[in-house]
Amino acid sequence: MSRRRVHEDEDGYDRVYRKRRRVSENQEIEDRLESLILRVGEKSSSSLESNLEGLASVLEADLGNFRAKILRILTDCAIRMPEKCTIYTTLVGLLNAKNYNFGGEFVEFMVKTFKDSLKSCKWDAARYALRFLADLVNCHVLSAASLLQLLDNMIDAANEDSVPQVRRDWYVYAILSTLPWVGRELYEKRERDLGNLLVAIEVFLNKRSKKHHNALRVWSDDNPHPQEEYLDCLWAQIRKLKQDNWQEKHIPRPYLAFDSILCEALQHTLPPIIPPPHEDSYSYPMPWVVFRMFDYTDCPEGPILPGTHSIERFLIEEHLHSIIELYHLERKDCAAHLLNFPYKSKIPLEYCIVEVIFAELFNMPTPRYLEIAYGGIMIELCKLQPSTMPQVLAQATEILFMRIDSMNVSCFDRFVIWFSYHLSNFQFRWSWEDWEACLTLDYEHPKPKFIRETMLRSLRLSYHTRIKEILPESFAGFIPEKPEPDYKYAKEGTGSGTLPGTAAAHQLVVSIRQKCTPEEVISVLKDLPNPLSEEDADSRFNPLKIDVFVQTLLNLGAKSFSHSFAAISKFHYVYKILAESEEAQICILRNMFELWHNHQQMMVVLVDKMLKTQIIECASVANWIFSKEMVSEFTKNYIWEILHLTIKKMNKHVIKLGGELSEAREKLARAESSSSESEDDDEDSGKKKETDNEKPTEEMVERMEEKLEAAQADQKNLFLIVFQRFIMILSEHLVRCDTDGRDYNTHWYRWTIGRLQQVFLSHHEQVQKYSSTLETLLFTQDLDPHVLEVFQQFVSLQS
């Protein structure tokens, strides 16, 4: 009798096939389970309750084989779909009622997610995990006492000393934003403990510093809507919820339908959870001010807009913000989901959406996403809802314009950019006559300035003749100059030689058109006399050479941005020869301005190009902007656009060098640890050689360190120049007004102090590194309080 096993007669194919089939079948089941879990709560012919009941039975049957997968999917859904929180807690509650061990495992998994999110500074994920745990109390999965213990531990974290206030604020915000879900249950079962928790929060809020508040406001005026700090606003909403016996009208609670099943389930207890201690590397969410534009009187007949301090307003806004977060990269999907908001019949939805989008756009210090993303979403909303959305948006624009006098400078810029972009998508149609009152206002007043800047921005999106057609005749003064070069060497009377350098300029035009080399250009310029006196003259700096070269070359490239870039690239060598000192670089910028003063966008892109090609340095741009020659341009938006792009260039350079250095250090450390191990054979030796070729040497790392230190020194110097010049001009203004007995609070002063604040906030991450240097050298206690306050507000943002 043969001792061979049956399968030895097979060729192995069947065994492999069966294994593959089993794997693919398992994959199919996993995919089906994932799809069922993700889609629960979506529109269906069956009720949500029957869908949940059916899904709980399916999952319970599959727990034996797919336990880990189900746990992971449910936890992911809890974090990634916070708007469906109560649907998933109900599902977990039903599973816990059927299988107590699974309920315990899920709680463990959720607690781990919460802890990991705190450690990795994923603050939204941590807040959603906390909310989910809290809602599990409603589903009788967790005991109320253990949740309160966790909340008490979080209050202890909020009361720690010598940690940043932003950390303490987050822990209180996380608790307050969780209470709408679980407040009623805690009130019914643990009223005294809940009362103690609220008292502890109130004590914390009363002691808390709010120096940052004014820096983050969209409007400096509280009329008609108070500009409330986010924790104060949420606290007022929670107190109102408490007065209403913790009853709200926005959160769906599907678990109420299963109360008889859930209340019989055994509850779990949360393990002790201590928030991780603060580390210097941790980054916390910044505070913000709650944006308010509408109240119920602004909305037509129909559903009433919930009050400012109703918890429904907080819940609706948070839900809309999360939709924008989820879909902001796809404007059409985002608009569709916003308009399909689940509770749209109960609220004036268009007003809520517009207020939330402007809240995102005007968020200080910076919007969450690119400004154009919000413009794109609003255009899609108008297309999807043409009967109502354009009117609501027009009403919002009118409100913003009426209140523009007290608008934050950063928000003013964003309003200009959004409005010009929006107009360009709707044939620039607007009822300008409604704004005729601003024709008589001061040139620097925000209202006429807004129209002027909108036209200048629209010019970038259209052409000059079209812009002239947009405005009525009475607004003729707001039409921008034609964006053409103003070439001084081609003007009448210059041919006779009255203007120095004219002959050389004409010769240079001929040479460049004949495709001359950079060396030939230098030859044309070499005999030009230096107009500076001998004491002032710098052998490297001849302003007349720069005048002739820069104006002539840029004028020849005036046809387009591309032509200008090509001219700069071809004669880069000449630029570098002429621009060896900071004075020479400022002279280049002056000549660029003299030629292109009627074309703001051209100036912006030319400065950007010159920085990229290292013709000019960042410090030169800053000194040019604050120079006497630019006084007439100082309050115009494009000047600050240039300053911010200059600072961003410097910041990116420092970040890039820092990243390269970290990578090189890691490679060196890895190479050293591998080289310490002995090689046993030739193959290992070959690998070692390969690693040696890739690894940076100690000398290379040292050179990279030196480059980074030099770049950081330049960055610090740039900030010192900018802030020092701000302090000088503001202090001069304040002293002059005090001496003359005039009111210092002029339009010029408000624009300038606003720009100072904007530099601090827009680049807060980089400026923060040098705050102690700034405090020691510039923002000292003897500085005028108005200027010093801007610095103190900035410091308090992350303190």
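The model is predicted: local features need pLDDT of at least 70 and side-chain atom pairs count only at pLDDT 80 or more, while totals for chains, interfaces and linings use all residues. Residues are numbered from 1 along each chain as its sequence is written, and side-chain values use heavy atoms, with hydrogens and water left out.

**Helix α19 and the residue after it**

Colour the buried residues of α19, which are T502, A504, A505, L508, V509, S511 and I512. An α-helix has 3.6 residues a turn, so residues three or four places apart point the same way. The end C-alpha atoms of α19 are 17 Å apart, which agrees with the 16 Å that its twelve residues should span at 1.5 Å a residue; the expected span is 1.5 Å times one less than the number of residues.

Next, select K515, in the loop between α19 (502-513) and α20 (518-525). Just after α19, K515 takes a positive phi of about 60°, although K515 is not a glycine. K515 is exposed, with a relative accessible area of 64%.

Move to Q614, in the loop between α25 (600-612) and α26 (618-625). Phi of Q614 is a positive value near 60°, and Q614 is a residue other than glycine. Is Q614 buried or exposed? Its relative accessible area is 55%, so Q614 counts as exposed.

Then select N223 and P224, whose peptide bond is cis with omega near 5°. P224 is found in the loop between α8 (191-207) and α9 (230-243). Another cis peptide bond joins M364 and P365, with omega of about 5°. The loop between α13 (349-361) and α14 (371-384) holds P365.

**Helix α4 and E105**

Select residues 100-119, helix α4. This helix has 20 residues and reaches 29 Å from its first C-alpha to its last, close to the 28 Å expected at 1.5 Å a residue. The buried residues of α4 include F102, F106, M110 and F114. Which helices do the buried residues of α4 pack against? They pack against α2 (48-80), α3, α5, α6 (144-158) and α7 (165-189). Just after α4, C121 takes a positive phi of about 60°.

Stay in α4 and pick E105. At 27% relative accessibility, E105 counts as partly exposed. Not counting residues up to four places away in sequence, E105 touches R67 and L71, where contact means heavy atoms within 4.5 Å. E105 and L71 are 34 residues apart in sequence, and their C-alpha atoms are 8.0 Å apart in space. The side chains of E105 and R67 make a polar contact of 2.8 Å. A polar contact is a pair of N or O atoms within 3.5 Å; within protein, one must be able to donate a hydrogen and the other to accept it, and residues adjacent in sequence count only if both atoms are side-chain atoms.

**Helix α3**

Select residues 85-98, helix α3, which has 14 residues and reaches 20 Å from its first C-alpha to its last, close to the 20 Å expected at 1.5 Å a residue. Twelve of the 14 residues of α3 are buried, so this helix is largely enclosed by the rest of the structure. Among the buried residues are C85, Y88, L91 and N96.

**The second largest pocket**

The second largest pocket has a volume of about 1,000 Å³. To find the pocket, select G41, E83, K84, H319 and P342, which are the closest to its centre of the 31 residues that line it. The elements that give two or more residues to the lining are α3, α5 (123-138) and α11 (311-327). With seven residues, α11 gives the most. The lining divides into 17 nonpolar, eight polar and six charged residues; Ala, Val, Leu, Ile, Met, Phe, Trp, Tyr, Cys and Pro count as nonpolar, Asp, Glu, Lys and Arg as charged, and the others, Gly among them, as polar. On a 1 Å grid over the protein atoms alone, a pocket is an open set of points where a 1.4 Å probe fits, with protein on both sides within 12 Å along at least five of seven lines, and lining residues have an atom within 4 Å of a point. Grid points are joined across faces, edges and corners, and a volume is the space filled by probe spheres set on the points.

**Last stop: R127**

Finally, select R127 in helix α5. R127 is buried, with a relative accessible area of 5%. Leaving aside neighbours within four places in sequence, R127 is in contact with W170, Y173, A174, S177 and E318.

Terms used
Helices (H or I, at least four residues) and strands (E, at least two) are DSSP runs, numbered from the N terminus. Buried means under 20% relative accessible area, exposed over 50%, partly exposed in between (1.4 Å probe, protein chains only).
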